[in-house]
Amino acid sequence: MKIDKSCALLLISSLGLTPIAFSYGVNPELSLNYLFGLEINNVNGNHIFRAVMCLYLFNLSFWLLGVFKKSYRQIALITLSIFMLGLAVGRLLSFFLDGQPHWLLILYFILEFSIGISALYFIKQNQDRAQ
């Protein structure tokens, strides 16, 4: 069975972000302290990271819709590129303003940038095919 490469990107992004989303919001006090030494010890911190978790989960749910419904694929790729490049630009800004973060956050930047650029490539490729 041959899978469309843009579907593969949407699927891999969705599956890859699921544990990250849960690490942000299921138990932020425990997971963020363990992963990054970030102490979340109040309702406001939990609230913010649980909202971020749901932002991730709702986006990746839409990307999965794009995998299974061709009519949603192009907009799913567009939202994927916006989401990933938005994160990458935010991290790049932080590199300049704050210095070098934890190695895992650098890896996230590399992946987010690569996935965002790949999504733009598939958007363009799909547009060229449609013409």
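What percentage of the 131 residues in the protein is buried? In this predicted model, buried residues make up 37% of the chain's 131 residues. The C-alpha trace spans about 55 × 30 × 25 Å along its principal axes.

The secondary structure consists of 5 helices and 0 strands, and the order of elements from the N terminus is α-α-α-α-α. Among contacts with a separation of 6 or more, 68% are between residues 24 or more positions apart.

Helix α1 covers residues 5–25 and helix α5 covers residues 103–130. The two pack with their axes 11 Å apart and at an angle of about 150 degrees. Angles over 145 degrees count as roughly antiparallel, and α1 and α5 are therefore roughly antiparallel to each other. The crossing of these two helices is left-handed.

On the α1 side, the contact is made by Lys5, Ser6, Leu9, Ser13, Ile20 and Tyr24. On the α5 side, Tyr108, Ile115, Ser118, Ala119, Phe122 and Asn126 take part. By residue class, the contact of α1 with α5 comprises 7 nonpolar, 4 polar and 1 charged residues.

Methods
Residues are numbered from 1 along each chain as its sequence is written. This is a predicted model: local features need pLDDT of at least 70, side-chain atom pairs count only at pLDDT 80 or more; totals for chains, interfaces and linings use all residues. Side-chain values use heavy atoms; hydrogens and water are left out. Axes are lines fitted to C-alpha atoms, for helices over the stretch in contact, and angles run from 0 to 180 degrees between N-to-C directions. Helices (H or I, at least four residues) and strands (E, at least two) are DSSP runs, numbered from the N terminus. Angles under 35 degrees count as roughly parallel, over 145 as roughly antiparallel, 65 to 115 as roughly perpendicular and the rest as oblique. A crossing is left-handed if the near helix is turned anticlockwise from the far one by less than a right angle, and right-handed if clockwise. Contact means heavy atoms within 4.5 Å. Ala, Val, Leu, Ile, Met, Phe, Trp, Tyr, Cys and Pro count as nonpolar, Asp, Glu, Lys and Arg as charged, and the others, Gly among them, as polar. Buried means under 20% relative accessible area, exposed over 50%, partly exposed in between (1.4 Å probe, protein chains only).
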